[in-house]
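Please read it with the sequence and the model in view.

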Amino acid sequence: MVALLCSTSLCGDITVTDTFLLSNSKGKCYWRRDNLVTGGLKLHALKVGSVFHRKKQWRKAMRCRVVSVKSSDFSVSMISKTLKSNSSSDEVTKVLTSMPDTDSAFTYFKSVAENPNLLHTTETCNYMLEALRVDGKTEEMAYVFDFMQKRIIKRDATTFLTIFKLLSVKGGLRQAPYALGKMRESGFALNAYSYNGLIHLLLKSRFCTEAMEVYRRMILEGFRPSLQTYSSLMVGLGKRRDIESVMGLLKEMETLGLKPNVYTFTICIRVLGRAGKINEAYAILKRMDEEGCGPDVVTYTVLIDALCTAKKLDCAKEVFEKMKTGRHKPDLVTYITLLDKFSDSRDLDSVRQFWSEMEKDGHVPDVVTFTILVDALCKAGNFEEAFETLDVMKEQGVLPNLHTYNTLICGLLRFHRLDDALELFGNMEALGVKPTAYTYIVFIDYYGKSGDSVSALETFEKMKVKGIAPNIVACNASLYSLAKAGRDREAKQIFYGLKNVGLAPDSVTYNMMMKCYSKVGEVDEAIKLLSEMVENDCEPDVIVVNSLINTLYKADRVDEAWEMFMRMKEMKLKPTVVTYNTLLSGLGKNGKIQEAIELFEGMAEKGCPPNTITFNTLFDCLCKNDEVVLALKMLFNMMDMGCVPDVFTYNTIIYGLVKNGQVKEAMCFFHQMKKVVLPDFVTLCTLLPGVVKAGLIEDAYKIIANFLHNCADQPTNLFWEDLMGSVLAEAGIDNAVSFSERLVSNGICRDGESILVPILRYSFKHGNPSGARTIYERFTKDLGVQPKLPTYNLLIGGLIEADMIEIAEELFLEVKSTGCIPDVSTYNFLLDAYGKSGKIDELFELYKEMSSHECKPNTISHNIVMSGLVKAGNVDEALDLYYDLISDGDFSPTVCTYGPLIDGLSKSGRLYEAKQLFEGMLDYGCRPNCAIYNILINGFGKAGEADAACKLFKRMVKEGVRPDLKTYSVLVDCLCMDGRVDDALHYFNELKESGLSSDVVCYNLMINGLGKSQRLEEALELYNEMKNSRVITPDLYTYNSLILNLGMAGKVEEAGKIYEEIQRAGLEPTVFTFNALIRGFSLSGKPEHAYAVYQTMVTGGFSPNTGTYEQLPNKA
């Protein structure tokens, strides 16, 4: 029987048998191999399961007059007649998938199950399970699953996932440990065969931890795992280097009466050998002989590898000889292992011996064995034979690969044969092999160790786009870029990881790290590095000390910087001109002009005459401190001392004149400058903002026109953007726009968009989105500027940020109407706006539009959609989208993916699912950060599970994630709510000791917790601590909390004093304040005071609420 789908719009699913005639009024029916054509109708093969997913279409098909078939026609007896007693499983599947409804299908399924001549397969059972799941028939599904177990029909991943779906277990196979409990409750009881299969499925998916959990449950339920299951678990644990668990499994299987086989023992030997436990590995080998389970060739090879790794080469040879004389002869893998290990030990004679033995045993050398031989020859310095080996390879039809050439290059560089290595490197592509990052790194390592840093850095620039290997030159170059960006975490990882790869930091490395620490303000860490240099016998040089002086100055630790300068004599280091320049720069930043001049004048006396950079540094100091006149006088001294002014000199003087309001003098100096040196871009950015600010638009226009006339090349977009950025910052928006219009209208700036962009950016930054839109229309409509997509994106993003979504939508339509294709950034701006405003329908409509317009959503797009769904309360839809994306395989989740999902689950009370999602982050290469931990800790805290929250806190600290203020605040809050005030106080004090700044919220939480526990003295101590702080000031919540808790403790006088503090602080009390006072007086038996507060409250214009009347004492 074949299920067919009508392609017309009138019909749904139609099921026919090959015994039925298909007809219509227009044509005859005839068969083809590829499809069935009936006149004007085409019928296509229907996919398995679609009948049950499309019940409505089925009923519609039954009403269609093309084919009319009643469900009674599909009775089991009729179908049985169409099948022979020896029908194949494919025919059973064909009949089963053609059933019109689930009940008919299940009846047929059971009839086949009872017929010994018919056969069910995994396919038919899974099909039946899915059909039953759609109809929610749990008992029938349990029947099918139990039938599969009894008939030993393989249960694959689809089998379990279908049942998981029925039981609303999300997260795939990884949720198996959790799902097993729900399966048992619903009647799905697993037998030993099913447990073994499930464990193998989990291990196949690399879910080793979950596989062990299922294994433990299997044991608890009294089942005995198979030998294959134990072996698979051992392999999985062995990959994790979990020796204890592997050996534990070996003992457990023997306790259950299972006898280990050769494969099991070999796994144990491999795990022990890799851990360096050679004696224990030998003990396993001895035990194999004693138990009559003789080792095979794999066992011996594994043992040889372990012995060689442990440098026990003689023992490895003994094992090899034993193999030769025994019945398990060495195979090619054995020889490769021996050749490789003895080559590493530079034992060329042994390598030749093993090579000869390998050929005698009939093993033909391949590219792997030849490359090992080349490596051994290179290590012995026998390069002539190494090159001859390449020729032998080609003669035998074995082509050298990338590893072969890299090995030979390494060998040549090891013996300082650089020219030969470079020649081979240059010929690699002609030989059909393209160099990779590793090839470049080999040369970087050589240049670094040879002291040729220039060549090292040049080579690094050529290969950095392909990756960086751990050598000192590559690390230093990496540290430089990281230090410049202030990315101290990555820099620390590289710096402290040097020892792991056998490299020692040099002066450049320390300098880069100090620069990095300076960038992020960690001056003390920089000082520690100086001590570390001395301890590691790495003598500090003047470059390192200069860097440290500069770091101290930047940290405003001027005295320590000068102390370091004075210590240079003790360290036998002579200050260089760089040292003085650093000190002059520091003095200038601190406005110490006189000290700077004195230091400058003393340089020549100490044998260190100033250079041009020294003068420029001093000029910079003078000009920034309004001493431009003195700078002009010293300019003549500079020439007298033989130092030639450069463009930086003139730019600095121009800056001083402009800063001093002497714009016309600056213009005159600029014209004098052109006679000596050519102005540069910095000159324009220094001079023009002042000229434009003074309203001299025409002068500014002439200056830039003349500058561009003398330029050989046309300026780039970046030139105009930076120039306009400087003009905007100094001259303001109005003058800048006037200047820009002059440049665009006269064609000086051919690309008006590069001028428009910084103006738009400036307008948005200064809170004027309407002005940005007006300027955009002026430039595009009046001046004819043609905007491109980046400009549209800037405008759309700015308008959305200003909550002008409708105008942004109009602009989005304009983008599409002009033929400009929106990119993923354009869509993401609008997606984010819809998500944050709760417009879910518009969000999904735009999300779908992206794909239809060939603009593939990126990770940010997906994250925005999931976040929007969570905010709208559709957590399950967000999770479904997440699992769909994960299943596709192209999606790489980030912390921004997991944050909203975990938060949504936590707030929905689904903490178990939130924790499971959190645990799975690392599997997708996503390390939880502080924000993720905070979300989960807050979820457990709000749910009253303070212990779980504390465990998460300890875990985040252990994993190197630094808690922030919110982390501590959440912990303090949940512990106080749980009545564990001492624990809360512990974390509160830890917060203060951690270097993080507490805030009023955290203080309020702690004060309220202490107050509720009647520990009022401690609460008042914290209150006084807040009052004495320069940073934290008590707010109304602080006062209300104290009034309430003091009143409840009967300390109404103290509560009254706190009320007076509110008035002195200039705060406005609320109804809660008065209610707290009324309650305190009422509980203290002072009704007249309670009513007096009530009168004050009413006359003060406050409206009592129900709480007020509940607190008032009964007058009667």
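In this predicted model, the axes of helix 20 (residues 367-379) and helix 22 (residues 402-414) come within 9 Å and cross at roughly 5°. Because angles under 35 degrees count as roughly parallel, helix 20 is roughly parallel to helix 22. On the side of helix 20, the residues that take part in the meeting are V367, T371, V374, D375, C378 and K379, while helix 22 contributes H403, T404, T407, L408, G411 and R414. Sorted by class, this contact has 4 nonpolar, 5 polar and 3 charged residues.

Helix 20 also holds T369, which is buried, with a relative accessible area of 0%. Setting aside neighbours within four places in sequence, T369 is in contact with L332, I336, L339, W355 and M358.

A second residue, K341, lies in helix 18 (residues 332-344). Is K341 buried or exposed? Because its relative accessibility of 19% falls under the 20% limit, K341 counts as buried. When residues up to four places away in sequence are not counted, K341 touches D305, C308 and T309.

The two residues are set side by side here.

| Residue | Helix | Relative accessibility | Contacts beyond four places in sequence |
|---|---|---|---|
| T369 | helix 20 | 0% | L332, I336, L339, W355, M358 |
| K341 | helix 18 | 19% | D305, C308, T309 |

The largest pocket has a volume of about 1200 Å³. It is lined by 42 residues, of which K170, G171, G172, Q175 and Y883 are the closest to its centre. The elements that give two or more residues to this lining are helix 6 (122-134), helix 8 (157-166), helix 9 (176-185), helix 11 (208-220), helix 49 (875-888) and helix 51 (911-919), and helix 49 gives the most, with 8 residues. By class, the lining divides into 15 nonpolar, 10 polar and 17 charged residues.

For the chain as a whole, the secondary structure comes to 62 helices and 5 strands, and buried residues make up 48% of the 1116 residues. Among the contacts in the chain with a separation of 6 or more, 60% are between residues 24 or more positions apart.

Definitions and conventions:
Residues are numbered from 1 along each chain as its sequence is written. This is a predicted model: local features need pLDDT of at least 70, side-chain atom pairs count only at pLDDT 80 or more; totals for chains, interfaces and linings use all residues. Side-chain values use heavy atoms; hydrogens and water are left out. On a 1 Å grid over the protein atoms alone, a cavity is a set of points where a 1.4 Å probe fits but cannot get out, and a pocket is an open set with protein on both sides within 12 Å along at least five of seven lines; lining residues have an atom within 4 Å of a point. Grid points are joined across faces, edges and corners, and a volume is the space filled by probe spheres set on the points. Ala, Val, Leu, Ile, Met, Phe, Trp, Tyr, Cys and Pro count as nonpolar, Asp, Glu, Lys and Arg as charged, and the others, Gly among them, as polar. Axes are lines fitted to C-alpha atoms, for helices over the stretch in contact, and angles run from 0 to 180 degrees between N-to-C directions. Angles under 35 degrees count as roughly parallel, over 145 as roughly antiparallel, 65 to 115 as roughly perpendicular and the rest as oblique. Contact means heavy atoms within 4.5 Å. Buried means under 20% relative accessible area, exposed over 50%, partly exposed in between (1.4 Å probe, protein chains only).
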